[in-house]
Structures are given as structure tokens and as C-alpha cells.
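Here are my notes for a first look. Please read them with the structure open.

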Amino acid sequence: MIFRILEDQIGEKLRAQKETDRRFMQLALALGRRGLGRTWPNPAVGAVVVKNGVIVGRGWTQAGGRPHAEPEALRRAGEAARGATLYVSLEPCSHIGRSPPCADAVIAAGIARVVTAIEDPNPLVAGQGHAKLRAAGIAVDVGLCAGEATQDHAGHFRRVRDHRPHVILKLAVSLDGKIAAAGYKPVAISGEAARTRVHLLRAQCDAILVGIGTVQADDPLLTCRLPGMEKRSPVRVVLDTALRISGASKLVHSARTTPLWVMTSETAEAAAAARLGAAGAQVVRLPPRQAPGLDLAAVLHALSERNITRLMVEGGSRVASAFVAADLADEIWLFRGPNAIGEGGIAALDALPLDAITRSPAYRVRASDTFDQDTLTIYERA
């Protein structure tokens, strides 16, 4: 009987500790998300220092990737970090890069226990950070909220493993699956609340990509226009094989304030490239291929080489269709408006049916939401 009571007490204590750990890890993850779209090529990590159940320090990876979350949280904790627990959304780094190893900072601060959501797949880390901590006598627990951490760090993981960014395809379609009226005439599909969510997504991505057709039809600016978040605008990327983009476009006019990268073929006219360069745009030349357009795999590799980890693809129908057909869309954010466009409207995926997403075994629904009369369904790889 006594043993059973002791077992129950120990079990209750362990459950309470697990719930406490989960609560603080959720905070670390939320802090890390503050850096999405701003820390590339570094992952957006969050960290919390807790002592006797009280938060004594917190931090997240700062803009440009430095300082890292752990030293930021430890700096705020000061001497209170000694004997405390550190919750961090990704394994502390163990190598010398642009900053000293975070694992060394954790050891020097006197942290007694580290709870990490997931191991870093970067070969320069890959368990070595945890090993260094354990060798210093620090208790290390790994795996809490690993699913959420994997989602938050998908850009970092994809770039390390596949040498390309994590691709988020955003589509706004009418009730009957169209994205524009006949002749690519723009139509307001989504309401203000849905558009606000799209701008927040832009701010959480490193770059946003469209095709030259969208540029010519809509003359978009592709910035984040949420109040106070204008500086969070992503790099604008345009696929333009023959450099047809106009020097009078909003994208080119704003190239000196918000980066514009134009992906083109090596055979594109040198004079056109020079004009874009003089306007402040960066022209990226890729090897030509026999099929029309650019090789999307080569585009993504080139963006990865330029440190992009999270890429939002926003248009148009041919570009969206190409990403789906090439199996290069890792997430799909499908906004659906309440009104139909009708016959003659432009299909969301060009020659592909929308079923190629909504009924495909390659994708599963991760989440859904409503924004006034609009709905959002987020699909991810199955």
C-alpha cells in the first residue's frame, strides 16, 4: 500500500513537471516565431530561462540571425541563470560561426537543465550541442513539442537537407475556383481580414515569388503593408526568362528600398539586365533549358544559395501550377472567397484542376480558419 502511494505521488509529480515543461516550451516556440522572416539564413529560435517556476530570462533570434536566442535569454537572466532550466526550440549550436557556440554560453551561465524541442539537422551541430551540454554535467531532455518545432523550423531544415527553401504556396480563389476574370482581369476575391492574414504571412517569409505574367497584369508591390511592419517586407522575386519586366513597374521603382531579385536565363539580353541593375534590382542568371520557362529546382537552389529559407509563392496560375506539378510546394494556403467569378474566369492552377491539391493523397489538411466570409485551409505534405 505504501509503495502504491509513493508510486502515485511520483507519477503525479512527473505529470506536473511534464505539463510545466510543455507550458514553457510553448512560450519558447512563440518567442521564436517573432523572428520568422527576419533571421535568415539562421533559424528563428526562442529560448526561456526558468528558475523555481519563475521566468528569469527570455530571448529569440534577432534580425539578421544575431544574437542567437540562447545568449539573449541568458543575458537577460544574468546570475539568476545559475542552476536554472533553459527551454529552447532548437538544439543549441556547438560550432563557431558568426557567433560563439551557444552551448558554451549555456555551460558558462551555470544552467542545470536544458529542454530542447528538436535536434538541429545541420551537420555542424547534429547532436553535438546536446553532447557538449551532457559532457558538462547538464541534464538534457529532447523532443518536447517536436512537431511544432519541426513546422516552425521547416525553412532551416529544408535548406540544410535539400538545399532549397521551404515553399509556401498561397492561393486566393473564388467560390468556383478562379483567381481572375476573363483576360486576367483582377477581381477582389478576399476580404480585408483575409488580406491582413496574407500580409502577416509575407512578413514571416524571407522572400515572395511571382511570375512575370502577374507583374504585367497586376503591377504589384509585394510588400507587407501592416501598420508598423513595413520594414518586415520580404525579398521580392520575379521569374522573368526574357527580362520583360518594365522599368516603370512598382517593383523596379521600389528596388532600392525593398530588395528585388529577377531570376532569368543566361541568354537574356545584357542591356536589359544592366538597366535593372542600375535601378537597384539584382539579376540572377540561370542555365537555359529546352522547355519554356525557368527550371524551378534551379530557381530554388539559387535562392537557397542566397540564404533564403522560407519562400512564399503568390502567383499567378501558371507559376502555382508549375510548383504543384513539380512537387515543390511544401505547404499550400488556400483562401476561398464567398463569390463565384463564372465562366471565362482564370483557373487557379492553369491546366491542373484544384483537386490536384484538395483531393491529392500527397497533401493533408493541417489547419483551417475563417476570416469573415472567407475560409482558409492549410495543406501540408502527407
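Which elements do the buried residues of helix 4 pack against? The points below take this up first, working from a predicted model.

1. The buried residues of helix 4 pack against helix 3 (102-108), strand 4 (113-116) and strand 5 (139-142). Helix 4 itself covers residues 128-135.

2. Three residues of helix 4 are buried: G129, H130 and L133. Viewed down the helix axis, the buried residues fall within an arc of 95°, so they line one face of helix 4.

3. Look just past the end of helix 4. There G137 takes a positive phi of about 90°.

4. Now step back to the loop between strand 4 and helix 4, where V125 is found. V125 is buried, with a relative accessible area of 1%. Leaving aside residues up to four places away in sequence, V125 touches E91, P92, C93, S94, H95 and D120. Take H95 from that list. V125 and H95 lie 30 residues apart in sequence, yet their C-alpha atoms are 6.8 Å apart in space.

5. C93, one of the residues V125 touches, is also worth checking. C93 is buried, at 8% relative accessible area. A search of the whole structure finds zero disulfides. C93 is accordingly in no disulfide, and its nearest cysteine sulfur, that of C102, is 3.6 Å away. The cut-off for a disulfide is a sulfur pair within 2.5 Å.

6. C224 is buried too, with a relative accessible area of 1%. Its sulfur is 11 Å from the closest cysteine sulfur, in C205, which is too far for a bond.

Terms used: Residues numbered from 1 in each chain as written. Predicted model: local features only at pLDDT ≥ 70, side-chain atom pairs only at ≥ 80, totals over all residues. Heavy atoms only, no water. Buried < 20%, exposed > 50% of the residue type's maximum accessible area, 1.4 Å probe, protein only. Helix = DSSP H or I, 4+ residues; strand = E, 2+ residues; numbered from the N terminus. Arc of directions from axis to C-beta. Contact = heavy atoms within 4.5 Å.
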